[in-house]
Amino acid sequence: MRGSIISIEKCITEPLNSNKSNHAERVIVALGAVMQQVGTVTKVHVSLPSTSVVFKEMRLPFTEYDKINMVIRFEAEPLLPFTAQDAVIDFIITDVDKDGTGSQVLVAATQKQTIAEQLSLFEQAHIDPDIITVDMFALYGLYTRSEERRAGKECRSRWSPYH
């Protein structure tokens with residue numbers, strides 16, 4: 001694929017109805033209402049709130065995405081308040097040294113249990129998300145794509161969604 005265009009066509013806000021007994025029920029009803037307003041979709045992207053994620057910045061002595069991906073769990077684990085085994089860990093490369101000797105990465109980690117709880121709400125609303133990411137990573141991805149487009153470059157954002 002050679003670049004892509006992301007268009008935000010509308011923003012839908014659905015209040016959490018206070019008539020339901022618990023938060024989960026209110027969220028499930030609101031998700032169903034949003035999907036009715038949206039209609040047919042080809043993909044559903046879910047964004048976790050940053051408040052449920054631990055962020056850490058790290059400098060690494062290489063710049064290649066694949067190399068960073070191979071070591072990020074081991075490098076990040078000592079910085080986390082939970083084990084890497086119980087976590088989903090992702091990252092974005094935020095800066096690369098001009099001489100190509102290293103990079104700055106922003107690491108995001110959340111407990112697998114947090115993702116399972118979020119996915120359960122969507123499952124109960126009969127929604128099957130294609131991508132799960134963090135709100136801050138999604139915003140960063142949109143921002144870098146728009147900056148690249150303004151500069152006339154092909155958009156090659158390397159942030160990766162949670163999987």
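The pLDDT is the predictor's confidence in each residue, on a scale from 0 to 100. This is a predicted model, and its chain averages a pLDDT of 82, with 80% of the residues scoring at least 70. Over residues 153-163, however, the pLDDT is below 50, although this stretch has 36 contacts in the model beyond near neighbours in sequence. Where pLDDT is low, the predicted coordinates should not be read in detail.

- An open sheet is formed by three strands in the order 2-4-3, and their pairing is antiparallel.
- Strand 2 (54-60) and strand 3 (87-96) stand at the edges with a single partner strand each, so one side of each is left without a neighbour in the sheet.
- On average, and with direction ignored, neighbouring strands of this sheet are turned by 25° against each other.
- Nine bridges pair strand 3 with strand 4 (residues 103-111) in the antiparallel sense, and I92 stands opposite L106 in strand 4.

**Helices packed on the sheet**

- Helix 2 (residues 65-76) packs on the sheet, where it touches strand 2, strand 3 and strand 4, and its direction makes about 125° with that of strand 3.
- Helix 3 (residues 112-124) also packs on the sheet, touching strand 3 and strand 4, and its direction makes about 65° with that of strand 4.

- Helix 2 has twelve residues and reaches 16 Å from its first C-alpha to its last, which is close to the 16 Å expected at 1.5 Å a residue.
- Y65, I68, I72 and A76 are the buried residues of helix 2, and because they cover an arc of only 45° around the axis, they lie on the same side of helix 2.
- An α-helix has 3.6 residues a turn, so residues three or four places apart point the same way.
- What covers the buried residues of helix 2 includes strand 2, strand 3 and strand 4, whereas D66, M70 and F74, on the other side of helix 2, are exposed.

**The parallel pair**

- Strand 1 (residues 45-48) and strand 5 run parallel and are joined by four bridges, with T133 in strand 5 as the bridge partner of S47.

Methods:
Residues are numbered from 1 along each chain as its sequence is written. This is a predicted model: local features need pLDDT of at least 70, side-chain atom pairs count only at pLDDT 80 or more; totals for chains, interfaces and linings use all residues. Side-chain values use heavy atoms; hydrogens and water are left out. Contact means heavy atoms within 4.5 Å. Two strands pair if DSSP finds at least two bridges between them. Helices (H or I, at least four residues) and strands (E, at least two) are DSSP runs, numbered from the N terminus. Axes are lines fitted to C-alpha atoms, for helices over the stretch in contact, and angles run from 0 to 180 degrees between N-to-C directions. The expected span of a helix is 1.5 Å times one less than its number of residues. Buried means under 20% relative accessible area, exposed over 50%, partly exposed in between (1.4 Å probe, protein chains only). The arc is that of the directions from the helix axis to the C-beta atoms.
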